[in-house]
Amino acid sequence: MSSHASENPIDATRSVGLVVPHTQHFAEPVALACGRELRDYDIVYETYGTLNRARSNAVLICHALSGHHHAAGYHQPDDKKPGWWDDYIGPGKPIDTRHFFVVSLNNVGGCHGSTGPASTNPATGKPWGPDFPSLRCRDWVQTQRQLMRALDIPQWAAVIGGSLGAMQAMRWALEYPDLVRHCIVIASAMKLSAQNIAFNEIARKAIMSDPNFHGGRYLEHDTIPAQGLALARMVGHITYLSADGMMEKFGRDLRAGGFAIGSDDVVEFQVQSYLRHQGDAFSRAFDANSYILMTHALDYFDLAREYDDDAVAAFEQARCEFLVISFSSDWRFSPLRSREIVNALIAARRSVSYTEIDSPHGHDAFLVPDARYEAVFTAYMQRIRGELG
Amino acid sequence: MRFDLALIQDWIAPSARVLDLGCGDGTLLAALRDNKQIDGLGVEIDAHDITRCIARGINVIEQDLNSSLENFRDASFDVVVMTLALQALQYPHRVLDEMLRIGSEGIVTFPNFGHWRARNYLVTRGRMPVSKFLPYTWYDTPNIHFCTVQDFEALCAEKNIRILDRAMIGGTDNRGTLARLWPNLFAVTAVYHIGR
């Protein structure tokens, strides 16, 4: 289970400990896929572990829809929770920081310190809001490439991501084949299904229907579309869990009220309060325009689009080795989507291993401790480590 | 290494592209990689074996041989190997066809149910054979399609599968003289190199 700092001091044998985010400013403009450019921008990132002398042990973590740079460790000794992937990054964990130098960033367009819709637009002096350029996965990969330069890393030992993060990892393999030795693709897909896009559209509509949205200029009105964003998150959250997993976790347990004859108490199920809490917490921590931007980037991603829709031709660009992992109860990015990736890789004669982890945790399984997932992930990372020399 | 695996190595050309159906913990592919520099890929469903393959640097795909193999393209491998899995398949004949669609050649090994011990067990006890080599009871076993050496060759003839080479592994007599002379009676494990 995840380490909880509130009771114990941070366990230095299993945690990267206290970490400090860094900000890298980029003064060179970057041309974006949408045709516009970002004239300059900041990327916030964290690193864990030590870069070796050969500079060969660097690993890039690409975050998913609601992720950010804080993947492992703690910012404050009394933080209630560690970084979002702390179960998988740290000493003795699959991405073992005793051997790898881990780089984890907040993508451009995000809302955790990197330049995004909530940042100030230098042209107007006001928040970018809805005027922030629309982004695609390749823009993130391109800006991650700039961070790689700034950190003077010649090649990634591995680029690793789950979900939307894995889309970036795959794009890395195609765009910069010489800069990636291994690509680890977890709970992902080569493109979203119509159902996926439909759920994202509901999320966006929920945000935009909030009276406080103000066409995306809510910061100028000194407000946020908290209700809309919470609703978007609630819908999204259901799609990250599985029906069985939810039943197992909440059942039909009540948090308040009851069904006794003669009682007209308001009945509240545990799952209601859980979802509301998730929505509320998220709406305070995340920027609505960032959420809209990132769901669009998800929708737009299509690995093989520019290769005549031929995934085999796409993967023939890659030089790295692949590990693909899916989870049995993930219906958002089902194992079938991962198998499409694997089949294309086999047909393209790339080096690939694939495993489907039996888990009740749906799409979120990639974040949850699981013995088999950890064993496979660890075994593969040790293989990479063996090549470091 | 298991005798059948050692034999197989001689039939595989250096640098060949090899698909191993039911690759287990990757022992054969690892040996072929180290000795013959082959480009190998395994298919396996056992979770523990998959992790062991990955740990030793063998590429492995989690996939059930009883489900379709159509994700592997025609003639995409030089050799498709399947060791001691034939008898556990739902439709062994279809998988043989698939092996020779995916690879130019196939290598199959299976336990010979015509071995005299199995016959003796059945004749004298009137019960389905249980041995150290095949320790399962008839009602709880992965081995649902036992065949004999003659059965296999008859199937190959029926399917126009060419037998390029064969080797037989005996029981106590590992030099295999008896197994070579009368395989249907003395071979414990049959090893076939097949093509079309």
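**Exercise 1. Find which residues of H4(A) and H6(A) meet in this predicted model, and describe how the two helices cross.**

Step 1: List the partners. On the H4(A) side, look for Ala226(A), Leu229(A), Ala230(A), Leu231(A), Arg233(A), Met234(A) and His237(A). They meet Leu275(A), Gln278(A), Gly279(A), Asp280(A), Phe282(A) and Ser283(A) of H6(A).

Step 2: Sort them by class. This contact has seven nonpolar, four polar and two charged residues.

Step 3: Look at the axes. Helix H4 covers residues 226–240 of chain A and helix H6 covers residues 270–285; their axes come within 8 Å and cross at roughly 125 degrees. H4(A) is therefore oblique to H6(A).

Step 4: The crossing of H4(A) past H6(A) is right-handed.

**Exercise 2. H4(A) also packs with helix H3 of chain A. Work out whether H3(A) is roughly parallel or antiparallel to H4(A).**

Step 1: Take the angle and the distance. H3 spans residues 194–208, and its axis crosses that of H4(A) at roughly 165 degrees, coming within 6 Å.

Step 2: Compare with the cut-off. Angles over 145 degrees count as roughly antiparallel, so H3(A) is roughly antiparallel to H4(A). The handedness of this crossing is right-handed.

Step 3: Name the residues. Phe199(A), Ile202(A), Ala203(A), Ala206(A), Ile207(A) and Met208(A) come from H3(A). Their partners in H4(A) are Gly228(A), Leu229(A), Leu231(A), Ala232(A), Val235(A), Gly236(A) and Thr239(A).

Step 4: Check the classes. Ten of these residues are nonpolar and three are polar, with no charged ones.

**Exercise 3. Decide how H1(A) is oriented against H2(A).**

Step 1: Start from the geometry. Helix H1 (residues 137–150) and helix H2 (residues 164–175) of chain A pack at about 70 degrees, and their axes are 9 Å apart.

Step 2: Apply the cut-off. Angles from 65 to 115 degrees count as roughly perpendicular, so H1(A) is roughly perpendicular to H2(A). Their crossing is right-handed.

Step 3: Locate the contact. H1(A) contributes Cys137(A), Arg138(A), Trp140(A) and Val141(A), while H2(A) contributes Met167(A), Gln168(A), Arg171(A), Trp172(A) and Glu175(A). By class, that gives five nonpolar, one polar and three charged residues.

**Exercise 4. Describe the side of chain A that touches chain B.**

Step 1: Count both partners. 17 residues of chain A are in contact with 14 residues of chain B.

Step 2: Find the elements. Helix H9 (335–347), strand E12 (352–357) and helix H10 (371–388) of chain A each supply at least two residues. H10(A) gives the largest share, seven residues.

Step 3: Sort by class. The chain A side has nine nonpolar, five polar and three charged residues.

Methods. Residues numbered from 1 in each chain as written. Chains lettered and ligands numbered in written order. Predicted model: local features only at pLDDT ≥ 70, side-chain atom pairs only at ≥ 80, totals over all residues. Contact = placed C-beta atoms within 7 Å. Helix = DSSP H or I, 4+ residues; strand = E, 2+ residues; numbered from the N terminus. Nonpolar A, V, L, I, M, F, W, Y, C, P; charged D, E, K, R; others polar. Axes fitted to C-alpha atoms, helices over the stretch in contact; angles between N-to-C directions. Parallel < 35°, antiparallel > 145°, perpendicular 65-115°, else oblique. Left-handed = near helix turned anticlockwise from the far one by under 90°.
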